[in-house]
Amino acid sequence: MNNSVQEATPIGDIDYKMLYLQESQRVSEYQTELDFLRSQMKTYTRELSNVYQHTKYKRKQLADTNSQLVKYASDLRITIANLKQTNRELQDAYRDTIFRLVLASEYKDKDTGNHITRMSRYSTHLAACFGLSNQEVDNIGYAAPMHDVGKIGIPDSIILKNGMLTENEFSIIKTHTTIGAVILENSRASILQTARVIALSHHEHWNGTGYPCGTSGEKIPLPARIVALTDTFDALTSQRPYKPPYPVHIACKIISKGRGTHFDPLLTDIFLKHIDEFIEIKRSIDNETSESHQEQFSLSERDQQENCFF
């Protein structure tokens with residue numbers, strides 16, 4: 001035998017059993033890992049399915065919620081519109097009540113309707129020029145026409161008297177302020193609270209010589225100080241049982257003379273500065289084209305008696 005030829009490894013020297021066991025072990029490990037991965041995949045699949053179902057449910061919930069919100073928004077718009085309508089009706093009822101209350105107190109005055117409108121417009125305009133808030137201006141506009149509601153308790157023989165009042169009659173007519181305050185007291189409505197203040201204090205004078213309390217200066221409530229001026233302007237420029245209407249320039253002269261004694265000086269300055277606007281308000285309400293000119297003019301005895309600044 002040639003020694004240079006390598007002898008083949010005897011087959012009997014290979015441990016096939018060991019190889020088989022090793023391969024079997026690897027296959028078993030792979031199988032275990034595969035089973036684990038399959039289990040994980042099933043778990044992930046279930047979780048993803050749950051997430052999908054939950055998301056789908058949430059989307060449906062969200063869609064239902066959105067649909068409900070749209071319905072709520074529509075209902076809310078309808079409710080707000082109804083509330084606005086109700087508020088308008090309430091304000092109309094306020095105005096109607098005020099108008100009828102003032103008519104009851106001054107029903108024998110042929111000019112009552114225009115007087116109510118003028119007092120409201122004059123007072124709101126002066127309040128706005130003074131710089132009050134819209135709410136305060138509105139309250140004064142509603143409340144101002146009730147300033148003389150207490151006259152319902154004064155005898156017609158005094159209210160409609162043409163000439164001078166006796167001392168006793170003047171004392172009686174002054175009580176319309178306190179009567180008005182009693183009529184309007186204990187209300188929770190801000191408009192009627194303002195009306196009570198005006199009814200009680202619109203004859204107070206800046207220098208403390210007015211009635212019923214002799215209050216002076218800024219202690220007199222502002223709404224009452226406003227109405228004190230606008231009421232005087234309206235009274236001077238309107239027909240009364242005891243006098244004809246005075247020309248506007250005479251009324252302005254009288255009001256100017258009462259600055260700082262009868263009237264709040266700042267309000268007086270504002271009023272006179274805007275007098276053309278007040279004249280226009282008067283003309284629009286009374287349907288006047290221009291002021292009639294009076295060559296002859298004199299103050300009535302009643303005005304001289306009731307107004308110390310003349």
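I looked up the aromatic pairs in this predicted model and found 5 of them in the structure. For the record, rings of Phe, Tyr and Trp (its six-membered ring) pair if their centres lie within 6.5 Å; planes under 30 degrees apart are stacked, over 60 edge-to-face, and the rest tilted.

I took Y122 and F233 next: the pair is edge-to-face, with 5.3 Å centre to centre and 70 degrees between the planes. It links distant parts of the chain, 111 residues apart, with Y122 in helix α2 (residues 112-130) and F233 in helix α8 (residues 222-236). Helices here are DSSP runs (H or I, at least four residues), numbered from the N terminus. I checked burial: Y122 and F233 are both buried, that is, under 20% relative accessible area with a 1.4 Å probe, protein chains only.

I then looked at F170 and Y211, whose ring centres are 6.5 Å apart and whose planes stand at 80 degrees, so this pair is edge-to-face. F170 is in helix α5 (residues 167-174) and Y211 in the loop between α7 (190-201) and α8, 41 residues apart. Both F170 and Y211 are buried.

I noted one aromatic cluster formed by Y122, F233, F271 and F278.

I also searched for charges over rings (NZ of Lys or CZ of Arg within 6 Å of the ring centre and within 35 degrees of the ring normal). K174 lies over the face of Y211, 5.5 Å from the ring centre. The charged end of K243 sits over the ring of Y246, at 4.3 Å from its centre.

Residues are numbered from 1 along each chain as its sequence is written, and side-chain values use heavy atoms, without hydrogens and water. Local features need pLDDT of at least 70 and side-chain atom pairs count only at pLDDT 80 or more, while totals for chains, interfaces and linings use all residues.

Technical notes. Helices (H or I, at least four residues) and strands (E, at least two) are DSSP runs, numbered from the N terminus. Buried means under 20% relative accessible area, exposed over 50%, partly exposed in between (1.4 Å probe, protein chains only).
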